[in-house]
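Visitor: I would like a close look at a single part of this model. Please go slowly, and then show me what lies beyond.

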Amino acid sequence: MYKQPLLVSACLLGQPVRYDGHGKAMPSPLLFELARRYQLLSICPECQAGLPTPRPAAEISGGDGGDVLDGRARVITQTGQDVSRAFIDGARQALDSAIRHGCRQALLKANSPSCGNRQIHSGHFDQQLQPGSGVTASLLQRQGTSVCNENEMEGLLITKPQP
Ligand code: SF4
């Protein structure tokens, strides 16, 4: 049976790829249901760009992911390193994967400087959130991919995948 492809943040699938070396798996029944309905395409833009795990936490300074793509903002680690280039590279690899598989939907981890689709951290490492998308989510959205996060995935489970 044909299943529509769905890009999914690897950490939501339980893979230990987060900056702290852990995953953030969704509950098993949800994962099971998603796997039943979709061809899950696991991505971790930061790892695919060659960043190590664990790695220093990073936040977007001076804007959001779209501003990083346009050169108006930077992704800076807690130790002060500019990792913008790696984040953009990871976003491009995620987009390549989406195009290769004809994928128009993505389920990405909320609040991440790469994957966040609605909010990102403030850029001051103060635990505060602000409106905006991460670098990968921004690039995918610009190219017409529908992006949701793990707190708003009801639509993925209700909508019947198109043949
Ligand atoms: S880049 Fe995305 S997939 Fe990778 S750890 Fe961060 S939130 Fe998860």
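Visitor: Look at the shell around the ligand: how do its residues divide into nonpolar, polar and charged?

Guide: First, a word on the model. It is predicted, so local features need pLDDT of at least 70, side-chain atom pairs count only at pLDDT 80 or more, and totals for chains, interfaces and linings use all residues. Residues are numbered from 1 along each chain as its sequence is written.

Now the shell. It divides into seven nonpolar, three polar and three charged residues. Nonpolar here means Ala, Val, Leu, Ile, Met, Phe, Trp, Tyr, Cys and Pro; charged means Asp, Glu, Lys and Arg; the others, Gly among them, are polar. There are 13 residues around the ligand. A residue counts as near if its C-beta atom, placed from the backbone, lies within 6 Å of the molecule. Ser9, Cys11, Cys44, Ser112 and Cys115 come nearest. Helix α2 (residues 45-48) gives the largest share of the shell, three residues. Helices (H or I, at least four residues) and strands (E, at least two) are DSSP runs, numbered from the N terminus.

Next, the strands. Four of them form an open sheet in the order β2-β1-β5-β8, and the pairing is parallel. Two strands pair if DSSP finds at least two bridges between them. β2 (38-43) and β8 (146-148) stand at the edges, each with a single partner strand, so one side of each has no neighbour in the sheet. Strand β5 (residues 105-107) pairs with β8 over three parallel bridges. Leucine 107 has cysteine 148 in β8 as its bridge partner.

Another pairing runs the other way. Strands β3 (residues 58-61) and β4 (residues 74-77) are antiparallel, over four bridges. Glutamate 59 stands opposite isoleucine 76 in β4. The side chains along β3 alternate. Ala58 and Ile60 point to one face and are buried. Buried means 20 or more other C-beta atoms within 10 Å of the residue's own, exposed means 12 or fewer, and partly exposed lies in between; C-beta atoms are placed from the backbone.

Threonine 77 belongs to strand β4. Threonine 77 is partly exposed, because 17 other C-beta atoms lie within 10 Å. Threonine 77 and alanine 58 are 19 residues apart in sequence, but 4.0 Å apart in space, C-alpha to C-alpha.
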